Amino acid sequence: MAATAFSASKFTQSFSLNSTRSVDRPPLFPASHPLKTTPSSFLGSTRKLSLSSPSSSTSRRRRRRPSRSPAVVAVSEVVKEKKSKSNVSLSNPLITNEEGLELYEDMVLGRSFEDMCAQMYYRGKMFGFVHLYNGQEAVSTGFIKLLKQEDCVVSTYRDHVHALSKGVPARAVMSELFGKTTGCCRGQGGSMHMFSKEHNLLGGFAFIGEGIPVATGAAFTSKYRREVLKEADCDHVTLAFFGDGTCNNGQFFECLNMAALWKLPIVFVVENNLWAIGMSHLRATSDPEIWKKGPAFGMPGVHVDGMDVLKVREVAKEAIGRARRGEGPTLVECETYRFRGHSLADPDELRDPAEKARYASRDPISALKKYMFENNLASEAELKAIDKKIDELVEDAVEFADESPLPARSQLLENVFADPRGFGIGPDGRYRCEDPKFTEGTAQV
Amino acid sequence: MAAIVQGIGSTAAPCASSNKFLLSSLGSSLLEKKRNFFVVRSDGKCYTGLNQQQRRAQNVVTNAVATKEEKASAAVGSKPGHELLLFEALREGLEEEMDRDPCVCVMGEDVGHYGGSYKVTKGLAEKYGDLRVLDTPIAENSFTGMGIGAAMTGLRPIVEGMNMGFLLLAFNQISNNCGMLHYTSGGQFKIPIVIRGPGGVGRQLGAEHSQRLESYFQSIPGIQMVACSTAYNAKGLMKAAIRSDNPVILFEHVLLYNLKERIPDEEYVLNLEEAEMVRPGEHVTILTYSRMRYHVMQAAKTLVNNGYDPEVIDIRSLKPFDLYTIGNSVKKTHRVLIVEECMRTGGIGASLTAAINENFHDHLDAPIVCLSSQDVPTPYAGTLEEWTLVQPAQIVSAVEQLCL
């Protein structure tokens, strides 16, 4: 097992907290309690909390405050410390041959796709703000490849690779980027708003933090379906991906609170790439160790090396498993790095070339390749075949997008309202959506 | 069109006297199967067509609710109806919808055990459980976003803002996600959420608890806004908003919650996009909504005594405007007075003025007069507060000016 991710100092405090509120406790009130129709372990009820909070508050007081040196500790220092603990190579491979190839293929798809995006952008095929994911593939692949189709993923503007990992076809993503009508959002969303109902990708959000409540809502639906609608097998999990900058935002904290309070089946995945455009995480955050913020809200906080897809996958298995079993949320901080600038418009002058070189040497794709060769999980030829297949796939996606039509004017007004009567009643007494010009996109609304 | 015909101070058989108006305004609407319509029977009884093709015999409430203090008189006709207060009507609508569809849920601060700060959700948590009537922590932006995420994944949440002003904190979610997600997802996800809460100027609640958010939200594409003003339309609009697949913001008013009225026993759902004819008239069209309706009706009493015949329309749908009802009225009276509680700058009245000018300019005999609240943070002192709002006396003199 990847011992580093679960080192005791990070976990135990939060586990003791959680054990006082475990789901297995017998109902505290008899079934005939006048104000309760069925006994439920739902923790939102104050009647339950009043009994459990004294013990939880004492355990909070008993918890040792982790010692903090007065100087700001560079996250890279923490990483070095963890790396030295984990230089023992594992005797049993963590993955099978098939799994390894699947992970490799997904990461290469992410990388090639993003590289192609850069090319297309500079050739004037796509415009606006495009944020590329190069270097962070291990996080997306490590987490999303463990999900079922019904599980939900919520992302930020750096969402192309999350979409691809979740199963949205490369053609649909590329068309969306080109603004074509065959795109996954009919060309109406763009780079920062990838959605897919079929694959349960709930977006694609341009403002940081605004996707986290949406993810919390999706997790709430999962719990609602199980407990109110009595769909006993509904164990859908939601993953919320966001960055280090978001962890200073109110919505992050508010949702950590609500998710832990109601034990929602959600995993908060922080893609800490140390930079929020040009703002270093250390300059923006009083306590840069984001994983610590989990236990403050009563959920486990885990730090993992986000450049190593196997470590991420192990942590993800545990966190997703927890959520599926109804044990509540987890905060996972993945230390990762983006090889390119914040967006294609970012000159990326602030970051130290030495730092970039350091992380480039930890490229997740090369690391996985090395692991698979060392453990005889794949041959050179197999991996080269995957590389070729992905190249062709991405080329095909570009061709498809190129040949796809641009949205017609008729598309302009179609999706503003789910019920187009929302445009109201015109002076002639008819609903505006009944106006023949409405479908042409030229109606006055 | 669905309309409540109300005569001021009338008691018996007001329907008969307004037959003429009803028949003339039916026009092409009889042929429109999709919309609510009013049919007058030969015995003078009126009934309204409800949603889509359904038509039920129903007695129209014909009492005049002129001011807050007046009690509703008994409904004309054989069906009894039942009397209740506006907040109870909201709760009834909510409860009926929650019974009808298990995906309907409520979330907000103090909606559960406390029963809602204005008791709109009283008793619901006991009936439906803590998860369906969810008490949230004080985090408007996040729980509104949570409601949106739940709506995207299949639930039909109703988010309560304890006071509408608190929804300023949720503006990010309401604007970006609520309004826009259906579009940016290419129509893949719908957001059937209802955001409701009390707003408006109360009794010396202070500036921050006396806000009118309808003006701030009206530009957001993709949302609908409605304002209820009577127990009857409160229940009907609540039900319509819940059933709608669009995100709807339902504006209630702090001072209207205790209005008593008799409402039908049968189920009814009103149309979100339609305005309500409160009092038909000939001389001037007065457009209003929410609490100002009562100031207008009070002024109307005086005006009628002075020989004027104002037509009062409660626009109800703040976004989009029902330009058909409004337009027909303008074409008849040629004079428009807008009375609203919104701020002067950029308020609903301002938008309505622009819309009427654009569409019905040729029918106007005089410039549109818009009476709104002063662009002043609502003061605590009672006298000052009164002066920031439009009072009936101002309405009377504005009409007199207009009709010179």
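Chain B contains 14 helices and 16 strands, in a model that is predicted. Of the 404 residues in chain B, 64% are buried, and among its contacts between residues at least 6 apart in sequence, 79% join residues at least 24 apart. The points below take up the sheets of both chains, then the boundary between the chains, and then some salt bridges.

**A sheet in chain B**

- Seven strands of chain B make up an open sheet with mixed pairing, and their order is S5-S4-S6-S7-S9-S8-S14.
- The edges of this sheet are taken by strand S5 (133-135) and strand S14 (317-319) of chain B, each of which has a single partner strand, so one side of each is left without a neighbour in the sheet.
- On average, and with direction ignored, neighbouring strands of this sheet are turned by 20° against each other.
- Strand S8 (residues 224-227) of chain B pairs with S14(B) in the antiparallel sense over two bridges, and in S14(B) the residue opposite Val226(B) is Ser317(B).

**A sheet in chain A**

- Chain A has an open sheet of five strands in the order S1-S2-S3-S7-S6, and here the pairing is parallel.
- Strand S1 (152-154) and strand S6 (301-305) of chain A are the edge strands, each pairing on one side only, while the twist from one strand to the next averages 20°.
- Within the sheet, strand S3 (residues 266-272) and strand S7 (residues 330-335) of chain A are joined in the parallel sense over six bridges, with Phe268(A) standing opposite Leu331(A) in S7(A).
- Helix H5 (residues 137-144) of chain A packs on this sheet and touches S1, strand S2 (238-243), S3 and S7 of chain A, and the direction of the helix makes about 170° with that of S2(A).

**Between the chains**

- Contacts between the chains involve 62 residues of chain A and 59 residues of chain B.
- Together, chain A and chain B bury about 5,000 Å² between them, and 61% of this area is on carbon and sulfur atoms.
- The number of salt bridges between chain A and chain B is zero, although the whole structure has 46 salt bridges over all chains.

**Salt bridges within the chains**

- Arg340(A) and Asp115(A) form a salt bridge through their side chains, at 3.3 Å from N to O, and this pair links distant parts of the chain, 225 residues apart, with Arg340(A) in the loop between S7 and helix H13 (353-360) and Asp115(A) in helix H4 (residues 97-122) of chain A.
- Arg340(A) is partly exposed, with a relative accessible area of 28%, and Asp115(A) is also partly exposed, at 31% relative accessibility.
- Lys370(A) and Glu374(A) meet in a salt bridge at 3.5 Å from N to O, and because they are four residues apart in helix H14 (residues 364-374) of chain A, about one helical turn separates them; both residues are exposed.
- In chain B, Glu160(B) and Arg196(B) form a salt bridge whose closest N and O atoms are 2.6 Å apart, and both residues are buried.

Methods:
Residues numbered from 1 in each chain as written. Chains lettered and ligands numbered in written order. Predicted model: local features only at pLDDT ≥ 70, side-chain atom pairs only at ≥ 80, totals over all residues. Heavy atoms only, no water. Pairing = 2+ DSSP bridges. Axes fitted to C-alpha atoms, helices over the stretch in contact; angles between N-to-C directions. Contact = heavy atoms within 4.5 Å. Buried area = accessible area lost by both parts, 1.4 Å probe. Salt bridge = Lys/Arg side-chain N within 4 Å of Asp/Glu carboxyl O. Buried < 20%, exposed > 50% of the residue type's maximum accessible area, 1.4 Å probe, protein only.
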